[in-house]
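Reader: I would like to learn how to read a protein model step by step. Could you show me the chain, and then take me through its features one at a time?

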Amino acid sequence: MFASVPGPIGLFDSGYGGLTIFDKIRKLLPTYDYVYLGDNARAPYGPRSFEVVYQFTRQAVAYLFEAGCQLVILACNTASAKALRTIQQKDLPRWDATRRVLGVIRPTVECVDRLSCSKHVGVLGTSGTISSRSYEIEIAKMFPCVRVTGEACPMWVPLVENNEYDSPGADYFVRKHIDRILSADPLIDTLILGCTHYPLLIPKIRQFLPAGVSLCAQGEYVAESLRDYLRRHPEMDRKLTQGGACRFLTTESAEKFSEAASIFLRTSIAVEHISLA
């Protein structure tokens, strides 16, 4: 169905947040080629049903495969929670069983046991990610002794995308959810940032964190996991081109995406508009 020639690594997110994942991956693996696709025209994914998120994510993955990607990272917690397993089990065998689609939840979960001494962990995420209980389920599979408490933070993504994440106005919304999750379980010593936007809020979050509570941002763990994956799967590594090129695609305004992306990447980028529907 798709051409079996070497190609770039694809990254998909419903919007901008996955750029924090892309940034860490590119810094760790700079020689590879990348294609980043943001479905900004249909964002946010968080409030949408499992079926709709699956259909949207499936369209994006198929587009990236058509663009030559042999490996696609769902750099989106909602897509990883609501669509990854179905795509892996249902679509890949029909499309091309040699291609791979990976998510961001499992690489993050794998670090939990070594980060938490109390074995009480909190997850901060969008309403969709928290309601899916994906982190709780994955942690229970790997580390059944770890207790997980989730807290939905619906205002945090707008704070980031409106460039208000470091403003005094963000204090109320950040402190509110930090206080709430630590009140729900005072023994929490590790907080997972279960949304790719949230790393930009780290300085603000740390203002309201008590001593002894650490933050787990996803980017570095996903990047390290991908590097390890390619070492363990040289057959996939050989199918990835390495010219250091990066393409950025959006289903919304290219100009708008480029402007917002500068918040995440601290640099201007060229962006192409595409359609998925």
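Author: Let us begin with a working term: contact means heavy atoms within 4.5 Å. Helices (H or I, at least four residues) and strands (E, at least two) are DSSP runs, numbered from the N terminus. This is a predicted model, in which local features need pLDDT of at least 70, side-chain atom pairs count only at pLDDT 80 or more, and totals for chains, interfaces and linings use all residues. Residues are numbered from 1 along each chain as its sequence is written, and side-chain values use heavy atoms, with hydrogens and water left out.

Reader: Which residues in helix 1 and helix 12 meet?

Author: From helix 1 come Thr20, Ile21, Lys24, Ile25 and Leu28, and they meet Gln218, Gly219, Glu220, Val222, Ala223, Glu224, Leu226 and Arg227 in helix 12. The residues of this contact divide into six nonpolar, three polar and four charged, where Ala, Val, Leu, Ile, Met, Phe, Trp, Tyr, Cys and Pro count as nonpolar, Asp, Glu, Lys and Arg as charged, and the others, Gly among them, as polar.

Reader: At what angle do the axes of helix 1 and helix 12 cross?

Author: Two packed helices are described by the angle between their axes and the distance between the axes. Axes are lines fitted to C-alpha atoms, for helices over the stretch in contact, and angles run from 0 to 180 degrees between N-to-C directions. Here the axes of helix 1 (residues 19-28) and helix 12 (residues 218-232) come within 8 Å and cross at roughly 45 degrees. That makes helix 1 oblique to helix 12, since angles under 35 degrees count as roughly parallel, over 145 as roughly antiparallel, 65 to 115 as roughly perpendicular and the rest as oblique. The crossing of helix 1 and helix 12 is right-handed; a crossing is left-handed if the near helix is turned anticlockwise from the far one by less than a right angle, and right-handed if clockwise.

Reader: At what angle do helix 1 and helix 14 pack?

Author: Helix 1 and helix 14 (residues 254-265) pack at about 55 degrees, with their axes 9 Å apart. That makes helix 1 oblique to helix 14, and their crossing is right-handed. Leu19, Thr20, Phe22 and Asp23 of helix 1 make the contact with Phe257, Ala261, Phe264 and Leu265 of helix 14.

Reader: How should I read the backbone, and which residues does a cis peptide bond join?

Author: Most residues other than glycine have a negative phi, and most peptide bonds are trans. In this model a cis peptide bond, with omega about 0 degrees, joins Ala43 and Pro44, and Pro44 is found in the loop between strand 2 (34-38) and helix 2 (50-66). Lys119, which is not a glycine, has a positive phi of about 65 degrees, and its place is in the loop between helix 6 (112-115) and strand 5 (120-125).

Reader: Is Thr126 buried or exposed?

Author: Buried means under 20% relative accessible area, exposed over 50%, partly exposed in between (1.4 Å probe, protein chains only). At 16% relative accessibility, Thr126 counts as buried, whereas Lys119, with a relative accessible area of 23%, is partly exposed. Thr126 is found in the loop between strand 5 and helix 7 (127-132). Leaving aside neighbours within four places in sequence, Thr126 is in contact with Gly46, Thr78, Ala152, Val157, Cys195 and Tyr198.
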